[in-house]
Amino acid sequence: MKLNFKKSGSGEPLIILHGLFGSADNWFSITKELEDDFTIYLVDQRNHGDSPQSEDWNYKVMAEDLKELMEAEAISEAHLLGHSMGGKTAMTFAIHYPEKVKKLIVADIAPRYYPIHHETILEGLNAVPIDNLKSRKEADDALSEYINNPGIKQFLLKNLARTDGGFKWKVNLPVITEKIGNVGEEIKSEKAFENPTLFMGGENSDYIQDKDKEDIDRLFPNSHLIYIKNAGHWLHAEQPKAVVDTVRAFLKR
């Protein structure tokens, strides 16, 4: 699948993968701070943003999408950064194609299985009358019945795009709703990724726990784990300077 991406900067290639319900634009402010040091590829994963949609949606096919992108761009080796769902795509890719990944950064996700915990968000998105929607406020009001957090609502509403006759979702909501369990799948492998790897968690997030260190060390033996202070799961939005400084320090050393 030919993914949509935005390219900027100069230097060694750095590919950035967003999380569930996100898009390349979520990492735009981070990109602006790093593009003097790296050629950055901000990628929309399949069924998200402006990339194509498909019934097939799992980490295997998302890793293959990334391989196709690198081949099309003649990138033999790149640094890879993935957040949440994007982190699992990045881990899957690094384990299967280690020769293509120089350094790996995984933002606030571990290799383990995560139970489904997006039911309320999916209920809210599916409750928006997308076929008859007249305004963004109407969508906001519908989401408010399910989600109180204004930041989360605005994040989700970035997926709302205007069409000639109204609105549409950029995300493939039917497939994501049907196959949401795939997002939580465990990264299973007998092989390990030996190159330098950074797991970057949010101090206030519970996505990477002490119990995860055994799996992390087994699959990524040349890794270390740090926590970004005063940050939750969306660490790049909450503490962008700390994330930029951490990414630059790790990739430049």
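**Exercises on sheet, helices and enclosed space**

Met-200 has Ile-226 of S9 as its bridge partner. The model is predicted: local features require pLDDT of at least 70 and side-chain atom pairs count only at pLDDT 80 or more, while totals for chains, interfaces and linings use all residues. Residues are numbered from 1 along each chain as its sequence is written, and side-chain values use heavy atoms, with hydrogens and water left out.

**Exercise 1. Helix H2 and Asp-65**

Find the strands that H2 lies across, then decide whether Asp-65 is buried or exposed.

Step 1. Asp-65 is a residue of helix H2. Buried means under 20% relative accessible area, exposed over 50%, partly exposed in between (1.4 Å probe, protein chains only). Asp-65 counts as buried because its relative accessibility is 3%.

Step 2. Contact means heavy atoms within 4.5 Å. Not counting residues up to four places away in sequence, Asp-65 touches Met-1, Leu-3 and Arg-46.

Step 3. A cavity is a set of points on a 1 Å grid over the protein atoms alone where a 1.4 Å probe fits but cannot get out; a pocket is an open set with protein on both sides within 12 Å along at least five of seven lines, and lining residues have an atom within 4 Å of a point. Asp-65 is among the residues lining the largest cavity, as are Leu-3 and Arg-46. H2 gives the largest share of this lining, 3 residues. Grid points are joined across faces, edges and corners, and a volume is the space filled by probe spheres set on the points. The largest cavity holds about 40 Å³.

**Exercise 2. Helix H4**

Identify the buried residues of H4 and the elements that cover them.

Step 1. In helix H4 (residues 119–127), the buried residues are Ile-121, Leu-122, Gly-124 and Leu-125. They lie on the same side of H4 because they cover an arc of only 160° around the axis, taken from the directions from the helix axis to the C-beta atoms.

Step 2. Their cover includes helix H5 (136–144), helix H6 (150–157), strand S7 (166–169) and helix H7 (173–178).

**Exercise 3. Largest pocket**

Which residues lie nearest the centre of the largest pocket, and which element gives the most to its lining?

Step 1. The largest pocket has a volume of about 460 Å³ and is lined by 32 residues. Nearest its centre lie Leu-20, His-117, His-118, Tyr-207 and Trp-234.

Step 2. H4 and H6 are the elements giving two or more residues to the lining of the largest pocket. H6 gives the most, with 3 residues.

Methods: Two strands pair if DSSP finds at least two bridges between them. Helices (H or I, at least four residues) and strands (E, at least two) are DSSP runs, numbered from the N terminus.
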